[in-house]
Amino acid sequence: MTNKPTIDKQKLQQTALKVREHIVKMATDGGCFVGASLSAADLILYLYSEWLNVGNHNLNDPDRDYLFLSKGHDVPALYGTFVELRLMEKDRLKNHLSVDDNIYWHPNTKIPGIEFHSGSLGHLPSVAIGVAMDIKIRGGKNRVVCILGDGELNEGTCWEAVLVANAYKLDNLIFVVDRNQFQANLPTEELIPLEPLHDKFTAFGAAVKRIDGHDFDALHNAFSAYPFEKGKLNVVIADTVRGKGLPSIERRADRWFCNFTATEIDSLLKELHGEHLSQLTSETLVVR
Amino acid sequence: MTYEELLTRKATADDRFIVMTAENRALVRNIHAHLGNRFIDTGITEQTMIGAAAGLALRGRIPVVHALASFLTMRAFEFVRTDAGIPNLPIKLSSFIPGFLSDGNGPTHQAIEDIALMRGIPNMTVFAPADEDDLLKMLPDIWDLLAPSYVRINTQKSGYEHTAFELGKAEVVAEGTDVTILTYGLLFAQTLAAAEILKSEGLSVGLINMRSLKPVDEQAILKAAKSKLVVTVEDHFLTGGLYSIVAETLLTHQATANVLPFALNEKWFKPSLLPNVLQNEGFTGKQIAEKILGYTTSAVQQNIAVPQFSE
């Protein structure tokens, strides 16, 4: 399979920076869910570049690995990754929110490489289950990853899905929780507390690993241990930071959906490269 | 031949078929032995079942899913609309005890908005067989259709032998100039009885078994509209069902008609065993005929069987 004995961490970090640049550039002229995209960027990049057996060579091959983006609004991180891995033309990102293309705030299958549309939370865990079940029925070796938001775990269907995955011993399925500590407007622990999250998944029958979702070595160690336990759903809780890479919006409840000005974008791109903090004056809490 | 025998035969011959249930096994109690791991029971999880069906369909499968009609169409509505409707996946919804068939269960189980909900979903097709014979004649074409389909499963026996099914076509049982009754599903047997009474009272009576509500047979409706009175009979809310379909069709074609609807208007029905439900709500053949006539007759209401299942 595609498991590699070592990863080039420095190269991944450089590519991740480029992915974040793409995300930031999409956060204007209508904006996008920039904070949730930045938190998921490293794990999406890691999965596509190091772990998943999927790419231009096998997008329609039934033996490919599958990735489902259930939280959905982090799709700019997926587009940025697709551009860097040559699954998508860079110029296409300029079509963000254009009626002449299909690049909008949630994923859709008009974009090659996107397996299923999302946007309504709590749907893709079950869709991923269906794919994983079929792979099991056919005796396939391919793997199915579903990325969930932590706020998304409020939805009961996520937990239904864990029960069913456990019942059907879907050890070819991995739920990855982008644990950025925020749901739309508030920290999760202030609204609907999730902790102890590891224990919750364990109690539901999953084999769980909790790691730093911005540390490529930690991601690599965790995914290299697949399957975590024979006959059990794999769960990776990736501790992340909403807005990761932009200290001026990191961990800020009011910087969820952002529509920055052109000047702010210039400043934020510099901030990504470690320069000064940006002075942000655009409206906050632009909730979509 | 039963529903389960037909499904077993189909799924055994065509390994694209996966039979799923959200622990509603009434229609598929024995199929596991034939299909092995192509029978999947997700437990009491209508939403997860539909999502998983979408995943299976992505892999080229044709899932035939089973749940009680009310939970399949309402609890899982968004999953049906979003995960089957948007991608136009061939997921086959077998809805158990729709309409009056939920008889004694009470309003939680009364799927009497299912036609309205399902036909509102782009790509979805909607079918309502009159009885078991009609069901078995319709299902092969429905299962072969590469689109999501909703079927009001009806395994009641009416004794009527239906014509061959043609997708999108209604079954014209009789043509008439005074009254034409349009109906679907379980109430077909009552409209058949009503038509007999009306005929014995000297009226020229048409009767149409709609079968397919989406796509709908517009020509059958337009032709029926030429009789002096059109009657729609359905175990569904007045809003969004056949009465609405007739209204939409007539308006589309700039036609009009004198229409008398039999439906549930802004109410759930009083739970009881099926014969009592029909009597209490005014849906027996005799009651339908006498409401149309405007007077009582000496006709004798035929015996109505109590459904042989419970869930």
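This is a predicted model: local features need pLDDT of at least 70, side-chain atom pairs count only at pLDDT 80 or more; totals for chains, interfaces and linings use all residues.
1. Overall form of chain B. The C-alpha trace of chain B spans about 60 × 40 × 35 Å along its principal axes. A compact globule with 311 residues would have a radius of gyration near 19 Å, and chain B has 19 Å, so the two agree.

2. Make-up of chain B. There are 12 helices and 12 strands in chain B. Of its 311 residues, 53% are buried. Among contacts in chain B with a separation of 6 or more, 76% join residues 24 or more positions apart.

3. Domains of chain B. The domain assignment places domain 1 at 3–152 and domain 2 at 171–293 of chain B. The C-alpha centres of these two domains of chain B are 26 Å apart. In the contact between them, domain 1 of chain B supplies 25 residues and domain 2 of chain B supplies 27 residues.

4. The domain 1 side of that contact. On the side of domain 1 of chain B that touches domain 2 of chain B, the elements giving two or more residues are α6 (114–119), β5 (125–127) and α7 (132–144) of chain B. By class, this side of domain 1 of chain B has 13 nonpolar, 6 polar and 6 charged residues.

5. Contact between the chains. Chain A brings 20 residues into contact with 23 residues of chain B. On the side of chain A that touches chain B, α4 (124–137) and α5 (156–167) of chain A are the elements that give two or more residues. The most comes from α4(A), with 9 residues. This side of chain A divides into 11 nonpolar, 7 polar and 2 charged residues.

Methods: Residues are numbered from 1 along each chain as its sequence is written. Chains are lettered from A and ligands numbered from 1 in the order in which they are written. Domain bounds come from an automatic or database domain assignment. Two residues are in contact if their C-beta atoms, placed from the backbone, lie within 7 Å. Helices (H or I, at least four residues) and strands (E, at least two) are DSSP runs, numbered from the N terminus. Ala, Val, Leu, Ile, Met, Phe, Trp, Tyr, Cys and Pro count as nonpolar, Asp, Glu, Lys and Arg as charged, and the others, Gly among them, as polar. The radius of gyration is taken over C-alpha atoms; the globule rule is 2.2 Å times the number of residues to the power 0.38. A residue is buried if 20 or more other C-beta atoms lie within 10 Å of its own, exposed if 12 or fewer, and partly exposed in between; C-beta atoms are placed from the backbone.
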